[in-house]
Every structure is written in C-alpha cells, then in structure tokens.
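Good morning, everyone, and thank you for making time for this.

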Amino acid sequence: MPTIPTHAAAAVSIGTLFPRRLVPRRWWIVGAACAIVPDFDVIGFRFGVHYEDILGHRGFTHSLVFAALLSLVALRTSIEGGQRAAIWTYLFIAIASHGILDALTNGGLGIALLAPFDDRRIFFPVRPIEVSPIGLTGFFREGGAAVLASELLWVWLPAVLIATIGVCFVQRHRGPR
C-alpha cells in the first residue's frame, strides 16, 4: 500500500480538477481524510480478522462499493443538487483512488476492488509502486526510503502535474456563480 500522506495527496490533486463553485476547497480536506479511511481495516488484525478475509486488509474497504457508500456518508444533506452530485463524485473518485493505488503496488494479496460482488483480490498488470510495510515500525525498519522514492516518482509527481493542470485550467475558470 502507498503511505497515508500519499493517499491524501492523490485525493487533493483530484479535487483541483473540479470547479471550486461545485467542490469548494474545504471538501478537498474531507476527500483527503476519506481517502485514508480504507486502511482503517488493519484494526481487524487485533480482532482476529485475517488479511485474506473480505473484511481483512485490502478487502471490502478498498472496494468501489465502499467508496460509494463512504461518499454518501461524508456528504451533508444541506448541499444543493448540482453541488451535491459534484461533491459525491469527487469523494467517490478520491476514495476509490486508494484501492486503485494499492492495486499498483508490488506486494500484498491484491485488492478486493469489486467486493462484495466479487471477493477475488486483484492487482493491475503494471505494479510500479513499492509496497509500504504496515505500521511505522515496519516502515522505518523495512526500506521506507525505497517506498518514499517510489511514491515520489509514481504518485506525487503525477499528483503535482494533475494539481497544476487543475489549478491552471479548472480553478482559474470562474464561470457563472
């Protein structure tokens, strides 16, 4: 899995692609927070949930269905229709990016991206991102520098490019208010 800050950075960069009148910046923070939620599944280890279980690490919480449900939970009901749809779409993409990034890593058992309809774990054919060990202790003992270098190249650099495009072309266009 990529590190927590990397998942958050990807979510913020995605936020820049939405017009601010539809997805205000404060929602980028919500998107970043929601993008790290799928990794809360590691808590299951303490309760005897096995990695390969549907509720195990990289299981249901990394699926597109979970992304859709968490997006609904994160929305406030007082948001107007057009803005509500745009914010839900942003949150869905930001949260779904977590499983997609994890499917691009070179370790683990794969991602249950289509759970609960299909509980098979998948990886993408190209897996350039170095997998991060679970927990801070493992990160500092087991090659955290290689993980960071991999994430800088394969996630942060594209995220900066996406954010630059978003800021230069989407955020500058004010449009009707």
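Predicted model: local features only at pLDDT ≥ 70, side-chain atom pairs only at ≥ 80, totals over all residues.

Let me begin with the inside. The largest nonpolar core has 14 residues, and those with the most contacts inside it are Val23, Trp27, Leu75, Ile87, Tyr90 and Leu91. Two or more residues of this core come from each of helix 1, which spans 4-15, helix 2, which spans 26-36, and helix 4, which spans 81-102. Helix 4 gives the largest share, 5 residues. As background, nonpolar side chains in soluble globular proteins tend to be buried together.

Which residues does tyrosine 90 touch, if we do not count those up to four places away in sequence? The list for tyrosine 90 is Ala11, Val12, Ile14, Gly15, Phe18, Val23, Trp27, Trp28, Gly31 and Ala32.

Now to the helix pairs. Two packed helices are described by the angle between their axes and the distance between the axes. For helix 3, residues 64-74, and helix 4, the axes come within 8 Å and cross at roughly 135 degrees, and these two helices are therefore oblique to each other. Helix 3 passes helix 4 in a right-handed crossing. On the side of helix 3, the contact is made by Leu64, Ala67, Ala68, Leu70, Ser71, Leu72 and Ala74, while helix 4 brings Trp88, Leu91, Phe92, Ile95 and Ala96. Sorted by class, this contact has 11 nonpolar residues, 1 polar residue and no charged ones.

The second pair is helix 1 and helix 2, whose axes come within 8 Å and cross at roughly 140 degrees, again with a right-handed crossing. Here Ile4, His7, Ala8, Ala11, Val12 and Gly15 of helix 1 meet Trp28, Gly31, Ala32, Ala35 and Ile36 of helix 2. By class, that contact has 8 nonpolar, 3 polar and no charged residues.

Finally, let us turn to isoleucine 122, which sits in the loop between helix 4 and helix 5, the latter being 136-141. Leaving aside neighbours within four places in sequence, isoleucine 122 is in contact with Ala103, Gly110, Ile111 and Leu113.

How values were computed: Residues numbered from 1 in each chain as written. Heavy atoms only, no water. Core = buried A, V, L, I, M, F, W, Y, C linked by side-chain atoms within 4.5 Å. Buried < 20%, exposed > 50% of the residue type's maximum accessible area, 1.4 Å probe, protein only. Helix = DSSP H or I, 4+ residues; strand = E, 2+ residues; numbered from the N terminus. Contact = heavy atoms within 4.5 Å. Axes fitted to C-alpha atoms, helices over the stretch in contact; angles between N-to-C directions. Parallel < 35°, antiparallel > 145°, perpendicular 65-115°, else oblique. Left-handed = near helix turned anticlockwise from the far one by under 90°. Nonpolar A, V, L, I, M, F, W, Y, C, P; charged D, E, K, R; others polar.
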